[in-house]
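Open the model in your viewer and keep the selection panel at hand. The stops below say what to select and what is there.

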Amino acid sequence: MQFTWTRHHILALADWVPQEYDIVLQTASSFREVLSRRTKKVPALQGRVVTNLFFEPSTRTRSSFELAAKRLSADILNFSPGTSSITKGETILDTAKTYLAMGTDIMVIRHQQAGVPNAIAQEMDRLNTGVSVFNAGDGQHEHPSQALLDLFTITSLLDPENPRVELLRGKKIAIVGDILHSRVARSNIWSLTAAGAEVHLAGPPTLVPMLFASMGDRTHGGQLLLHWEIEPALQDAHFVMTLRLQKERMTEHLLPSLREYHQRYGITRDRLKLCQNDVKVLHPGPVNRGVEIDSDLMDDPALSLISEQVTNGVAVRMALLYLIGNLKAS
Amino acid sequence: MQFTWTRHHILALADWVPQEYDIVLQTASSFREVLSRRTKKVPALQGRVVTNLFFEPSTRTRSSFELAAKRLSADILNFSPGTSSITKGETILDTAKTYLAMGTDIMVIRHQQAGVPNAIAQEMDRLNTGVSVFNAGDGQHEHPSQALLDLFTITSLLDPENPRVELLRGKKIAIVGDILHSRVARSNIWSLTAAGAEVHLAGPPTLVPMLFASMGDRTHGGQLLLHWEIEPALQDAHFVMTLRLQKERMTEHLLPSLREYHQRYGITRDRLKLCQNDVKVLHPGPVNRGVEIDSDLMDDPALSLISEQVTNGVAVRMALLYLIGNLKAS
Amino acid sequence: MQFTWTRHHILALADWVPQEYDIVLQTASSFREVLSRRTKKVPALQGRVVTNLFFEPSTRTRSSFELAAKRLSADILNFSPGTSSITKGETILDTAKTYLAMGTDIMVIRHQQAGVPNAIAQEMDRLNTGVSVFNAGDGQHEHPSQALLDLFTITSLLDPENPRVELLRGKKIAIVGDILHSRVARSNIWSLTAAGAEVHLAGPPTLVPMLFASMGDRTHGGQLLLHWEIEPALQDAHFVMTLRLQKERMTEHLLPSLREYHQRYGITRDRLKLCQNDVKVLHPGPVNRGVEIDSDLMDDPALSLISEQVTNGVAVRMALLYLIGNLKAS
């Protein structure tokens, strides 16, 4: 029995089911193959318009979405907040409606406030526009495409021919760092627990609050555990996900110093000896070398999946744009 | 007898004749149909270069031109003043000549000073370059594509199959707000009077000076009247065009307060009762909700044409780029 | 016997041989012909990704590279430093690796520090990435594509059908201005001396230091001479290259005033009488009119090659992208 993709927006992974993850993984896998060709384009979204509404600036993620859309042959519009009508007093919803009226088919939205993509998606549905909304990171809520590219990176490593969520059942995955402020951590908690993994969060008490203990999808055997020391999280871990540490956290008195953070929670070769022999390290980038992770370790392809993550990011975003774009056609 | 398009630049509507408007309306109508298709591209400007020289920043208008050019399959270059040679002391004309020498076919120019597009067009002609210049708004002079998309929006409503200027003969159209500083108002005055409409300007005396009384094209039955109260302008009006109110006007002591402005000149459901039953409201955007127009009224598709205007903006700009681009070919 | 193109990166002209220059000139010549067609595109880099990493902002040069890449049908990514991860503490090398991992085939790099493109190219080679690096100007080191477009402009004038370096043997070329800070001058010194030309540098002693006397490639008959007065450099010159004068030089006390600079080193019609009758003037742009060069002289097509240089810039960059892009294929 075939599961059919029906999701129109990519907003949050909190309510995704394993079959949805599997469709994304399979589709990304075929696009990853396209990317290895000399000519990396497919005409899937020819003549359609993907608009990047990045209210919070980001070159890296925007470039990844832009390249994914270009390789599907879509037309891209980039909204740049600096020179925009926002500064002229226009509401975010009115900005979105303007791009809707211009003929946008898919809106990729990043905003510093949680919930903005959802609010725009609701309005698009209410108006029966057929427009898909893609959350590219909203406040401290979710960053679904980052978690999906992490999932694809991990499962592709476990079975390159057939990445799928069941490969993660019982696997131990540590997520280390500033969990509290991380939309990447939140999205990963949903996807990894839904896949049946054993997820261990580790970081300073100020950044790993108890309220996280109730998160995650436990219906498929997934577990979530919290630690304020790094060692129990790393013990026998198959994968270690590190998070970017915002330097602002120190001025907010949530952290003593970067050096002390690195001493207690930084990923080093020594600490990785606690993990499985074939452990791999992930980081969503950009990395503060020597803070979240030792500099030489980051460059070691035997340990680091960071570069794979970036490459897979394009394939996964192609897959997601393709799935929501094709749905519209039917 | 067929009228042939011969205009090489789109600079100002002040000297346009009705037949020219009609060609634009017909061409935009066919492109509007293209935009409703799933694949919204035509190869009309394949291999040609459209350069956006936006000395005054604008995301909304630039996106509209960019999308129009992309849908005609042109290559687009965007000149961004922030990081440009302008700051290095280069003259505007030298910047334009640089983009000319790179191979630009059509230059879309926005500048805070009136006359800049004309000056560049003259230089392009003097040098026999064959390059077309498209004024995307120059100071308080003109914004032809905005007035043309307004004209297309109104005439398409009156006859969707065959929009043409004669449909406006004797129609009453109110333009409300800061007429003095508005290039949109000026371009609309030319197009609507040339179409034979009865145009009523309304706003505070500081923003609707008497010198406007002599404007407009009276050769085809068009009329222009000034009011310092809104009611006589709205009385029996078929269409109401509101203008964006720049908040700077208050610091310049031309306006008491936004609230008082709204009380005296804001468009409300109550005030619209003075108009024809099927009156429609237009606004060039971005809207200050609750200032120029009541917020809920703006979102009422039975009254507001604002979203239609944005959609038609792409079709009208495609039409204009197509007409001046094709002329070059002959 | 045919010389074959083997160069993978375009970093500096210091070690180029005449045959390499000739291949670029021939290839640019055929692309210049493409640019004169109505449809100016070729599918040479279809599906490949050219990323502009402009750490030092430049609209003019970036547009030229962007257009060159578009006309070869490549996909373009633009990295904008203002809104980038650089400000988030990421190293330049990590930024480059991120764009590598996204699938970049050719990186076009401009940076205010000399050596950055070389460092990135070394890393790309060390990692066996196959990625080509193109130096679009690094500090006061080199700006190869500018010197190559100058070479193409000069040799195309001497023989439009067959531009080649031997045409420059024994030709006298003056380079006037701020040699010290100019990467354009340095790249031109290498290309012009390698072509066997007699190169004369002229400018104030502060900006034409003696250490330049030893530069240049003397193996093919080229010569290099320094002057602190302009007259001996212009005497019988076939070509005069002027350089952009950065106004910062005055605050650094390297220059008395722009007026005095113009009086002593500015290019005027009077001064050009010292040169050959058919002398031509070049300038890399943007020009400070009335400083480096008289304003009316700049606009005289009988004397100025400035506009030709801009047009040829697109053709030469197409040629270089094509050559390094095609090499990768073999």
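This is a predicted model: local features need pLDDT of at least 70, side-chain atom pairs count only at pLDDT 80 or more; totals for chains, interfaces and linings use all residues.

**Stop 1: the interface of chains C and A**

Select chain C and chain A. The contact draws 28 residues from chain C and 26 residues from chain A. Between them, about 2200 Å² is buried. Carbon and sulfur atoms give 47% of that area.

Now look for charged pairs. How many salt bridges cross the interface of chain C and chain A? There are four. For one salt bridge, select A:Lys41 and C:Asp75: their closest N and O atoms are 2.7 Å apart. Polar contacts between chain C and chain A come to seven residue pairs, with both residues at pLDDT 80 or more.

Next, colour the chain C side by element. Which gives the most? Pick α3(C), with six residues. By residue class, this side of chain C has eight nonpolar, twelve polar and eight charged residues.

**Stop 2: the sheet in chain C**

Hide the side chains and show the cartoon. Four strands of chain C form an open sheet in the order β2-β1-β3-β4, paired in parallel. At the edges are β2 and β4 (132–138) of chain C, each pairing on one side only. From one strand to the next, the twist averages 15°.

Zoom in on β1 (residues 49–54) and β3 (residues 106–111) of chain C. These parallel strands are joined by five bridges. Select C:Asn52 and find C:Val108 opposite, in β3(C).

From chain A, α2 (residues 59–71) lies across β1 and β2 of chain C, at about 170° to β2(C). From chain C, α4 (residues 116–126) packs on the sheet and touches β3 and β4 of chain C. The direction of α4(C) makes about 170° with that of β4(C).

**Stop 3: the sheet in chain B**

Move to chain B. Here an open sheet of five strands runs β7-β6-β5-β8-β9, with parallel pairing. Its edge strands are β7 (223–227) and β9 (280–282) of chain B. The twist averages 20° from strand to strand.

Select β6 (residues 198–202) of chain B with β7(B): five bridges pair them in the parallel sense. Which residue in β7(B) is the bridge partner of B:Ala202? Click on B:His227.

Finish with α5 (residues 144–158) of chain B. This helix lies across β5 (172–176), β8 (239–242) and β9 of chain B, running at about 160° to β8(B).

Terms used. Residues are numbered from 1 along each chain as its sequence is written. Chains are lettered from A and ligands numbered from 1 in the order in which they are written. Side-chain values use heavy atoms; hydrogens and water are left out. Contact means heavy atoms within 4.5 Å. Buried area is the accessible area (1.4 Å probe) that two parts lose on being put together, summed over both. A salt bridge is a side-chain nitrogen of Lys or Arg within 4 Å of a carboxyl oxygen of Asp or Glu. A polar contact is a pair of N or O atoms within 3.5 Å; within protein, one must be able to donate a hydrogen and the other to accept it, and residues adjacent in sequence count only if both atoms are side-chain atoms. Helices (H or I, at least four residues) and strands (E, at least two) are DSSP runs, numbered from the N terminus. Ala, Val, Leu, Ile, Met, Phe, Trp, Tyr, Cys and Pro count as nonpolar, Asp, Glu, Lys and Arg as charged, and the others, Gly among them, as polar. Two strands pair if DSSP finds at least two bridges between them. Axes are lines fitted to C-alpha atoms, for helices over the stretch in contact, and angles run from 0 to 180 degrees between N-to-C directions.
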